[in-house]
Amino acid sequence: MSKLVIVESPAKSRTIEQYLGKEYKVAATMGHIRDLPKKEKAVDVEHDFSLVYEPIPGKGEVIKKLKDVARKSEVVILATDPDREGEAISWHVKELLGLPDDKLLRVTFNEITKKEILRSMANPKGIDYPLVDSQQARRALDRILGYEISPILWRKIKRGLSAGRVQSVAVRIVVDREDEIRAFVPQEYWTIEVSLGRKEGYGTFTAQYFAPCGEKKTVIPNEETALEIIKSIEQAPFTVHSVKNSEKKRNPAPPFITSTLQQEASRKLGMTSKRTMAVAQQLYEGVQIEGHGLAGLITYMRTDSLRLSDDAVTDAREFIRSRYGKEYLPAQARKFKSKKSAQDAHEAIRPSYIELPPEAVKGSLSNEQYRLYKLIWDRFIACQMSVAVYNILTIDTLSAGHIFRANHTTLVFAGFTAIYEEGKDEEDEAAGDSLPKLTPGEGLVRLKTIHEQHFTKPPARYSEATLIRAMEEQGIGRPSTYAPTLSTIVDREYVVRENKQLRPTPLGETVTEYMKKQFAKIVDITFTAHMEESLDEVEQGKNDWRAMLRGFYDEFSKIRELAEADIQNGRIRIPDEPTDQICDLCNKPMAIKSGRFGRYIACTGYPECKNTRNLSEPTDGFCPLCDSQVLKKKSKKGYSYYGCEKTGCTFMTWDTPQKTNCSECGKSLFRVRYAKVPICENPLCSAFVPEDARGYKRKEDKEDSKGDKAKKSASSGKTPAKKSAAKKKSSKT
């Protein structure tokens, strides 16, 4: 063995190892191996922002093995992920292992395929230090904000709170939208709909009031105006004013980047951004495919570039020609332009192998892996297909000087929609009923008139998809930060998910209002976007990371001092969140409170009444024992589980309820984590899967595992290692 390749995950190491010869050994760091200590700021502001790093607790054995193998190797090739964080991990490995530059090479893989791996191995490079500096600057900024603002929040509002450069702004966006909703004043408007038909008595259709003849679309503001229009057409004839046919072409959406993948997976698959990235990581690193072995199925999933390789586009076009025909293939390959702010370090997210369509690998993937892979595959193939063509028929009818309009849209040529259509955050207008063939001047009969009152609606709350889109549009965060940011603000209960929407909690609103008052610049969207640009300049080698931090900290320290002085003005109370529930002990209202283990419902009569309840959320499933709705609940230690809403029903499970029902008994199915298919938990059903057959890690299994380890140690004469009292080694940079 003379060459060592170091990657981050064992899954990736197994995939890469099968493509390299016997002279290579592939080892994994199992993620980060060195970081800033958790319970210290570890940023020495007095010494020009030096960072104090230490090995991550529990990684001692991994580091020891890497050192041993590296010592025996002629050359060490660092092949961690091709992004800022991956570059930083490579640098940490170099520092911890003490690797000299003449023994070190750096390679990156945009996709885990034999072709890409061999190409990258033939073109090694050095560590990208500006990329490392950018990562260090981000870590330093996050530590400074976290360790200097959080204690102020603890003393002013509540212990355990945190603030962050991106998370605080994300919460503010959600809170600002909630303020818009509260301040919204509905505006009344009316619609008039007439049912029309030919005088011969056939070919009926419906037309909506549009405007007085010759004017632009008009809103009817009140019932009085609506009744005036209706009165004017009661005795007046209806005629066909105009018939217009127009053609509309729709272009396919570009291939996925990180943000659009997270948005579309949220819309179409109901997956959180965190889960989307976890499953995408599995597809990128490699999955065991029957008949093919380990294969990385997609390119790298943290990217903001729409660029595609020429080979990938050529393969896609050939696939489209052979499967769908020439008419579905545009004359020229499509190219998509990335945003100006895009780093363009990697390709867009696409399948690695065109010869492995979703249906060919379905049996080798979990349900989540298959659905996400199919989404990526379909979007990529569709982006190189022909436009979809629609015919839009518009009929304007005239009566008493008023135009009533009817529309109907017909798909003429499917184009890319034969395989994929982009999800929408808001519903499109309906295609409309089919319309009869009419000619201008033709007389019509009014059969029925309906007028209805409506009110304008407030802006919708953000979903994960629309919040990610808002963050991207406003320059808040980068591809690698969207998922962890959303997870953080939900886990810390600044925001809760309700019916796929994000709603700020009283805690989130209280913290945001205080941050806007005392740390206005930190939660200012424009300032945060400017900080991202400054960090990008560090990444591009245009700015020194310590100089950037000095400029930030000089101003920040003054703001922090003012906030510390304000602490003397007393604590801020977090308002309770009222509910419609009544305490069954004292009949007083119950309210949602936030405690050590999360949110819960408590009686407002505290301390006289100490009645509490678990806070639960409705799900799509129904109890297999009594058919009542299944609720998502939390235990006293904060663990999520599912139980029946009916008092006295004993049903409880860790498995997620599904919308689909069992084909045998008709009861709701449940999904065990990582399982490929959902299971039936109805004990009276022939398809019932008992608990001991569901693949859970049982407590006794863990105890047996510990016992086996102890026996091995005893048989080898070894004793369990004691915790070292020696101080962990630290290093400054």
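The following legends describe close-up views of a predicted model.

View A. Helix H13 spans residues 464–473, and eight of its ten residues are buried, so the helix is largely enclosed by the rest of the structure. The buried residues are Glu 464, Ala 465, Thr 466, Leu 467, Ile 468, Ala 470, Met 471 and Glu 472. Their cover includes four helices, H6 (167–183), H8 (258–269), H9 (273–285) and H14 (482–491). Strands S16 (495–498) and S17 (501–504) are also among the covering elements. After H13 comes Gly 475, which has a positive phi, near 75°.

**View B. Ser 134 in helix H5.** Ser 134 belongs to helix H5, residues 129–156. Its relative accessibility is 0%, and Ser 134 therefore counts as buried. A polar atom of the Ser 134 side chain lies 3.4 Å from the backbone oxygen of Leu 535. When neighbours within four places in sequence are set aside, the residues in contact with Ser 134 are Arg 84, Leu 535, Val 538 and Glu 539.

**View C. Aromatic pairs around Trp 377.** The count of aromatic pairs in the model comes to 14. In the pair formed by Phe 319 and Trp 377, the ring centres are 5.4 Å apart and the planes stand at 90°; because angles over 60 degrees count as edge-to-face, the pair is assigned to that class. This pair links distant parts of the chain, with Phe 319 in helix H10 (residues 310–324) and Trp 377 in helix H12 (residues 367–382), 58 residues apart. Both Phe 319 and Trp 377 are buried, the relative accessible area of Trp 377 being 2%. Trp 377 also pairs with Tyr 373: the ring centres lie 6.4 Å apart and the planes are at 50°, so this pair is tilted. Tyr 373 and Trp 377 both lie in helix H12, four residues apart, which is about one turn of the helix. Tyr 373 has a relative accessibility of 0% and counts as buried.

**View D. An aromatic cluster.** One aromatic cluster is formed by Phe 49, Phe 519, Phe 552, Tyr 553 and Phe 556.

**View E. A nonpolar patch on the surface.** Tyr 639, Met 652 and Trp 654 make up this patch, and together they have about 360 Å² of accessible area. Trp 654 sits in the loop between strand S25 (652–653) and strand S26 (656–661). With a relative accessible area of 49%, Trp 654 is partly exposed.

How values were computed. Residues are numbered from 1 along each chain as its sequence is written. This is a predicted model: local features need pLDDT of at least 70, side-chain atom pairs count only at pLDDT 80 or more; totals for chains, interfaces and linings use all residues. Side-chain values use heavy atoms; hydrogens and water are left out. Buried means under 20% relative accessible area, exposed over 50%, partly exposed in between (1.4 Å probe, protein chains only). Helices (H or I, at least four residues) and strands (E, at least two) are DSSP runs, numbered from the N terminus. Contact means heavy atoms within 4.5 Å. Patches are made of residues with over 30% relative accessible area and no salt bridge: like charges are joined within 9 Å, nonpolar side chains (Val, Leu, Ile, Met, Phe, Trp, Tyr) within 5 Å. Accessible areas come from the Shrake-Rupley method with a 1.4 Å probe; for residues, only the protein chains shown count as cover. A salt bridge is a side-chain nitrogen of Lys or Arg within 4 Å of a carboxyl oxygen of Asp or Glu. A polar contact is a pair of N or O atoms within 3.5 Å; within protein, one must be able to donate a hydrogen and the other to accept it, and residues adjacent in sequence count only if both atoms are side-chain atoms. Rings of Phe, Tyr and Trp (its six-membered ring) pair if their centres lie within 6.5 Å; planes under 30 degrees apart count as stacked, over 60 as edge-to-face and the rest as tilted.
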